[in-house]
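Look at the backbone of this protein.

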Amino acid sequence: MEKAGGRGGGPRGPVLHIVVVGFHHKKGCQVEFSYPPLIAGEGHDSNTLPEEWKYLPFLALPDGAHNYQEDTVFFHLPPRNGNGMTVYGVSCYRQIEAKALKVRQADVTRETVQKSVCVLSQLPLYGLLQAKLQLITHAYFEEKDFSQISILKELYEHMNSSLGGASIEGSQVYLGLSPRDLVLQFRHKVLILFKLILLEKKVLFYISPVNRLVGALMTVLSLFPGMIEHGLRDCSQYRPRKSHSEDAGLHQATPPADDFVSRSLSDISSTNSGNDKKKVSGNHGGDASKADGIISQTEKDVSNHQASNGPDQSLTLSAHVTPETSENEWETLDSGVLEGTSLKEMEQVEAKQINFLPSDHVPSESPPITVQPQANLGQVVFVPGLISGLEEDQYGMPLAIFTKGYLCLPYMALQQHHLLSDVTVRGFVAGATNVLFRQQKHLSDAVVEVEEAAVHIHDPELRKILSPTTADLRFADHLVKHVTENRDDVFLDGTGWEGGDEWIRAQFAVYVHALLAASLQLDNEKMLSDYGTTFVAAWKNTHNYRVWNSNRHPALAEINPNHPFQGQYSVSDVKLRFSHSVQNSERGKKIGNAMVTTSRNVVQTGKAVGQSVGGALSSARTAMSLWLSTLTQSATPGLPDPPDEKH
């Protein structure tokens with residue numbers, strides 16, 4: 001077995017590993033090659049996986065991959081050892097006939113060989129990594145000898161040298177993600193998807209193959225300012241399932257979920273306020289190993305939460321919610337704690353939290369902090385957010401949506417199914433190709449059928465909250481009209497500013513900035529009604545809004561809080577509302593289907609009547625012609641020659 005050598009310390013650049021995953025006829029999906037080795041001291045051909053990355057083979061080689069000649073997967077892995085940031089994975093899958101191989105190994109017993117080449121990166125450069133990886137994967141398969149791994153090692157060195165100083169700002173982050181195509185497919189429903197994620201709901205995307213799935217999901221996320229660049233660093237903080245016996249023991253030791261949220265928010269606040277000083281000076285004042293010890297004991301703390309009266313009590317209370325609750329008590333920032341924090345405590349925690357970010361999906365015990373307002377420099381400047389732990393701009397973007405147990409999993413393997421019902425996962429935006437995910441509707445708030453461009457929201461109350469206002473419909477219609485213009489011109493399609501990908505992202509940035517500014521206008525109900533009064537009220541109870549609102553953003557003073565498409569109601573709005581209702585409501589769909597069916601039947605009946613009437617007329621015309629010709633022939637027999645007249 002080849003040993004790793006010549007490399008010490010951490011990775012040389014943003015790329016952590018190049019991995020080859022294959023399908024073994026007895027063992028299933030397994031890692032066949034990794035460079036550098038996934039575990040230090042192991043060989044490049046070791047099948048051993050870190051516990052945190054036990055799902056890597058099933059993510060890289062997706063379910064149902066045998067149905068496609070090639071495919072591409074974006075996936076997220078949790079950080080190693082409970083600290084650090086999300087690991088971004090890109091996998092290119094291909095299959096080749098076994099008889100075409102130049103060197104056929106003994107374990108190749110099937111007619112086809114299925115393998116994926118993966119890149120594990122610290123930067124969310126999905127499209128850029130995909131473009132490079134597809135070329136190498138094609139060349140790797142063209143060798144027809146999978147023992148030739150030199151090309152993979154060269155790929156690792158090349159990527160780290162070319163991306164070593166790369167910045168994740170700019171258009172290269174969005175390579176391959178087209179909001180234009182998304183609007184053309186989902187049309188007015190794009191805004192509903194946007195608001196669903198703002199409310200931190202459980203959203204499941206469904207389609208096959210995987211490349212269409214991850215493309216649609218990540219394109220939706222690209223509409224949120226700064227989300228792809230800086231907002232996903234904590235989006236995969238979950239704990240893999242170890243064994244069935246351990247899970248059974250944990251479920252037996254864990255009280256019902258209702259017990260964890262039975263206490264009121266005031267009770268939790270009073271408990272926290274009594275321990276604020278202890279938390280600031282104790283938990284965050286200690287070393288990192290102590291913090292890791294607290295995180296590693298989370299499951300034990302869960303089972304013993306009722307007997308615990310120390311600082312960990314609020315931690316375990318906050319990690320469990322009932323599936324029925326739309327607002328989680330642990331995800332909110334208590335205003336009383338914010339106001340009661342002294343300046344000295346703020347300075348202590350500010351110094352500590354710069355280097356101590358949340359190390360797992362379990363909420364941090366530190367009290368919320370109101371940081372100093374950021375200077376408006378007239379340009380995009382990102383600074384560390386002391387509460388969210390994310391790099392934020394002067395407007396507080398990206399919003400801290402994918403933090404504290406809200407997951408982003410562009411592709412979910414069937415082996416990760418338990419995460420949908422995990423009590424430590426408060427929500428998710430996930431993609432799946434297996435029909436089992438779609439069938440279990442009780443595990444999600446909304447299912448997005450990408451193929452049909454349908455958004456199925458199960459809760460009637462949530463459908464009402466997300467019902468677009470007149471101003472929202474104008475905004476969505478504005479997007480659709482600009483995107484569909486010049487679409488038939490192959491030379492102009494997608495090349496201009498208006499209606500292009502960057503233009504669409506800019507429109508959503510304007511929308512969310514205005515929405516944030518309007519949320520601070522407490523006494524202007526008319527302004528809030530343009531965004532949806534019930535929606536704004538629900539959004540203010542989410543974790544991402546509480547985190548954003550705990551900081552001051554002076555740059556918002558320059559933002560007009562009015563809806564970009566406010567205005568008086570007109571006849572065109574009536575038409576727009578009717579069109580939206582017909583396309584999206586169940587009753588409207590039934591009416592639309594009935595109209596289509598009726599129209600089709602009328603057309604078919606008309607054709608049938610026309611054919612029958614036309615046939616009858618033709619037959620009558622033919623019969624009449626025959627009768628007239630017969631009559632003419634019988635009425636004019638051969639005339640005798642006229643008699644000769646002699647004079």
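## Terms and model

Helices (H or I, at least four residues) and strands (E, at least two) are DSSP runs, numbered from the N terminus. This is a predicted model: local features need pLDDT of at least 70, side-chain atom pairs count only at pLDDT 80 or more, and totals for chains, interfaces and linings use all residues. Residues are numbered from 1 along each chain as its sequence is written, and side-chain values use heavy atoms, without hydrogens or water.

## Cis peptide bonds

Most residues other than glycine have a negative phi, and most peptide bonds are trans. Which bond is cis, with omega near -10°? That bond runs from Y35 to P36. P36 sits in the loop between β2 (28-35) and α1 (56-60).

M397 and P398 are also joined by a cis peptide bond. Its omega is about 0°. P398 belongs to the loop between β8 (391-392) and β9 (406-409).

## Positive phi

R187 is not a glycine, yet its phi is positive, near 55°. R187 lies in the loop between α4 (179-186) and α5 (189-198). Is R187 buried, exposed or partly exposed? Buried means under 20% relative accessible area, exposed means over 50%, and partly exposed is in between (1.4 Å probe, protein chains only). R187 has a relative accessible area of 36%, so R187 is partly exposed.

K404, another residue other than glycine, has a positive phi near 55°. The loop between β8 and β9 holds K404. K404 counts as buried because its relative accessibility is 15%.
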